[in-house]
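Work through the exercises below with the sequence and the structure at hand. Each task is followed by a solution in steps.

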There are 2 protein chains.
Amino acid sequence: MAERKGNLMTMREDIRVVDATIRDGGLCNDFHFTDEFVRELYKTNVQSGVDYMEFGYKASKRLFDVNDYGKWKFCDEESIRSIVGENVSDMKLCVMADVGRTDFRQDFLPKKDSVIDLVRVACYIHQIPAALEMIEYLHELGYETSCNIMAISQASTEQIDAALEMLIQSNVDIIYLVDSFGTMYPENAGKLAQKYLAYAEKGNKKVGVHCHNNQALAFANTIECMSYGVSYVDATAMGMGRGAGNCQMENMLGFLKNPKYNLYSLLRFIEHYMLPLKASGVQWGYDLQYLFTGLLNQHPRAAIAFTKEHRTDYVNFYKQLLED
Amino acid sequence: MAERKGNLMTMREDIRVVDATIRDGGLCNDFHFTDEFVRELYKTNVQSGVDYMEFGYKASKRLFDVNDYGKWKFCDEESIRSIVGENVSDMKLCVMADVGRTDFRQDFLPKKDSVIDLVRVACYIHQIPAALEMIEYLHELGYETSCNIMAISQASTEQIDAALEMLIQSNVDIIYLVDSFGTMYPENAGKLAQKYLAYAEKGNKKVGVHCHNNQALAFANTIECMSYGVSYVDATAMGMGRGAGNCQMENMLGFLKNPKYNLYSLLRFIEHYMLPLKASGVQWGYDLQYLFTGLLNQHPRAAIAFTKEHRTDYVNFYKQLLED
């Protein structure tokens with residue numbers, strides 16, 4: 001088993017904090033953020049020392065109707081530039097592209113013409129070959145790339161080993177451990193992180209982690225993975241993200257000891273932008289229905305529907321999940 | 001460093017789940033629970049396989065006016081018996097007594113005349129001698145006893161070592177690690193638990209853990225401590241407890257693999273009793289103001305006041321805490 005890296009008092013220069021509020025949070029409101037919201041979050045992230053800000057998805061306009069979603073579902077170059085200009089900050093920008101749901105050969109400019117720095121390629125474990133095709137193409141265009149293997153709690157050890165072996169042979173820069181269903185405990189997450197890190201070291205890759213808060217463990221799992229050497233850590237303002245949401249950025253910035261990270265700007269943003277968003281009815285965050293799907297290693301869609309219907313019949317719902 | 005005990009798939013016969021809803025939760029509503037609420041919780045705990053239920057405090061009626069609090073602040077024998085009768089269940093009953101705030105020589109019956117099984121003696125680290133006086137007295141009366149050293153995050157290593165050495169020489173049964181301010185990370189909590197366990201093994205004692213959820217880590221810290229051998233674990237329904245609250249019982253029962261633990265009764269109780277309690281305005285649970293006092297290793301009282309005033313000026317509040 002790997003040793004822990006550093007300790008709770010030291011700072012690690014290799015840490016990269018990734019704000020995924022617009023991208024994962026966009027799943028809660030179909031990406032209908034105002035420009036003001038996104039611009040203020042961008043400024044906040046720059047002031048807070050956040051290393052990467054994810055603007056949304058590069059979704060296929062053939063598969064998704066642009067009238068059904070806010071523009072951050074598609075992240076056109078001009079949409080991002082209308083917020084960041086040339087992005088003269090030290091913060092890097094990223095977008096996510098889902099295997100099978102993006103027109104990547106058409107929708108990505110060469111890196112020299114784009115303000116996007118990193119493209120995060122999201123896939124399920126059986127889609128690794130398709131992800132690698134995208135990764136090599138985007139690498140050729142000049143982007144940093146990551147491979148975010150979703151729903152890893154449903155993959156077998158053999159699949160995970162095979163996927164990691166393929167990835168370390170590729171040009172991908174970062175391999176992400178993604179607990180989409182929020183089903184892991186710190187002990188699981190830490191062990192799996194150690195596996196990712198062992199492969200990554202052989203292939204000279206970085207490892208990232210993206211957690212969901214179904215069991216109220218997103219922050220705990222994230223810092224557990226970090227303690228073994230995971231360096232890319234996803235978080236969102238107030239944990240905004242699909243279902244139970246993600247690791248809370250405010251907890252993460254409070255935890256990190258590097259003085260480049262600053263909590264005040266984020267608190268101001270939360271007060272002025274996140275609280276009104278929540279008050280407007282956009283829903284996310286830890287609740288019992290998400291605990292259940294997390295416990296059962298299931299997709300949160302049933303829990304999201306339960307939430308939307310304002311149901312509280314937990315016993316019925318839990319029984320129903322066990323019958324499925 | 002100690003090895004972890006068991007793994008995530010096994011069950012440990014030594015685990016004892018302690019429901020502290022009425023006692024720690026009572027700090028949120030001055031112990032004004034209805035008899036129906038307490039009786040239904042009792043039944044729920046019995047059905048759920050909970051090992052101990054804490055009914056409240058044995059507070060001094062000379063120091064506290066009985067008209068200011070619900071009866072669970074005082075836990076008279078007849079109050080408890082009106083709920084449990086002779087307590088013919090397998091579940092044990094406990095109460096808490098704070099050093100310096102209890103008339104222990106007057107208010108405890110001999111164990112043979114009481115339905116109480118365990119008395120949890122709560123103290124700050126400088127009160128260990130006073131706690132030991134109570135523990136020996138209560139042990140003589142025939143009770144199981146625990147020593148719950150509060151606010152351990154503000155004690156020095158030397159103090160902790162001295163306290164643990166004194167406790168293992170005593171007749172106490174269980175030594176509790178209490179993160180009153182919710183300031184610990186799993187890494188801290190796990191290391192401290194290992195220290196407690198090393199002493200406890202020498203003295204043939206058990207170790208318990210009681211966490212607060214300021215940094216959204218109460219459940220994570222609890223299971224981290226368990227993994228090293230802590231066997232008494234405190235939890236409350238929906239995490240009800242002072243300030244940010246405690247480890248959520250629903251998460252704990254979902255986590256435990258022993259088939260004696262059952263989630264359904266608790267879910268029914270939450271639906272029918274906890275949700276209305278929360279809707280009535282009783283406040284607890286993770287929120288930013290508690291994150292701050294947790295981060296700063298401070299008592300939550302300022303955050304509790306901030307919550308009561310429905311304030312959301314996080315920046316001002318955080319600055320204020322840093323000035324104190």
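## Exercise 1: Polar pairs and salt bridges

In this predicted model, six residue pairs are found in polar contact across the interface of chain B and chain A, both residues of a pair being at pLDDT 80 or more.

Task: State which helices of chain B supply at least two residues each to the side that touches chain A, and which helix gives the most.

Solution.
1. The helices of chain B that each supply at least two residues are helix 7 (186-203), helix 8 (218-227), helix 9 (249-255), helix 10 (264-279), helix 11 (288-295) and helix 13 (314-323).
2. Helix 10 of chain B gives the most to this side, with six residues.
3. Sorted by class, the side of chain B that touches chain A holds 24 nonpolar, seven polar and eight charged residues.

Task: Find how many salt bridges there are between chain B and chain A, and describe one of them.

Solution.
1. The count between the two chains is two salt bridges.
2. One salt bridge pairs the side chains of Arg4(A) and Glu187(B), at 3.9 Å from N to O.
3. The cut-off for a salt bridge is 4 Å, so this pair counts.

## Exercise 2: The extent of the interface

Task: Give the number of contact residues on each side and the area buried between chain B and chain A.

Solution.
1. Chain B brings 39 residues to the contact, and chain A brings 39 residues.
2. About 3,500 Å² is buried between the chains, with 69% of it on carbon and sulfur atoms.
3. Within chain B, the most area is lost to chain A by Glu187(B), Tyr264(B) and Val315(B), together 17% of what that side buries.

## Exercise 3: How the copies are related

Task: Determine which rotation and shift superpose chain B on chain A.

Solution.
1. Chain B is superposed on chain A by a rotation of 180°, with 0.0 Å of shift along the axis and an RMSD of 0.0 Å.
2. The two copies are therefore related as by a two-fold rotation axis.
3. Both copies use the same surface, since 100% of the contact residues of chain B recur in chain A.
4. Ala220(B) is the residue of chain B that comes closest to the rotation axis, its C-alpha lying at 3.1 Å.

## Exercise 4: One chain as a whole

Task: Describe the secondary structure and the dimensions of chain A.

Solution.
1. Chain A has 13 helices and eight strands.
2. Its C-alpha trace spans about 55 × 45 × 45 Å along the principal axes.
3. A compact globule of 324 residues would have a radius of gyration near 20 Å, and the 19 Å of chain A agrees with this.

## Exercise 5: The surroundings of Ser89(B)

Task: Locate Ser89(B) and list what its side chain reaches.

Solution.
1. Ser89(B) sits in the loop between helix 3 (77-84) and strand 3 (92-98) of chain B.
2. The side chain of Ser89(B) makes a polar contact of 2.7 Å with the side chain of Asn87(B).
3. The side chain of Ser89(B) also reaches the backbone nitrogen of Met91(B), at 3.1 Å.
4. Apart from neighbours within four places in sequence, Ser89(B) is in contact with Tyr42(B) and Val46(B).

Definitions and conventions
Residues are numbered from 1 along each chain as its sequence is written. Chains are lettered from A and ligands numbered from 1 in the order in which they are written. This is a predicted model: local features need pLDDT of at least 70, side-chain atom pairs count only at pLDDT 80 or more; totals for chains, interfaces and linings use all residues. Side-chain values use heavy atoms; hydrogens and water are left out. Copies are superposed by least squares on the C-alpha atoms of residues with pLDDT of at least 70 in both. Contact means heavy atoms within 4.5 Å. Buried area is the accessible area (1.4 Å probe) that two parts lose on being put together, summed over both. A polar contact is a pair of N or O atoms within 3.5 Å; within protein, one must be able to donate a hydrogen and the other to accept it, and residues adjacent in sequence count only if both atoms are side-chain atoms. Helices (H or I, at least four residues) and strands (E, at least two) are DSSP runs, numbered from the N terminus. Ala, Val, Leu, Ile, Met, Phe, Trp, Tyr, Cys and Pro count as nonpolar, Asp, Glu, Lys and Arg as charged, and the others, Gly among them, as polar. The radius of gyration is taken over C-alpha atoms; the globule rule is 2.2 Å times the number of residues to the power 0.38.
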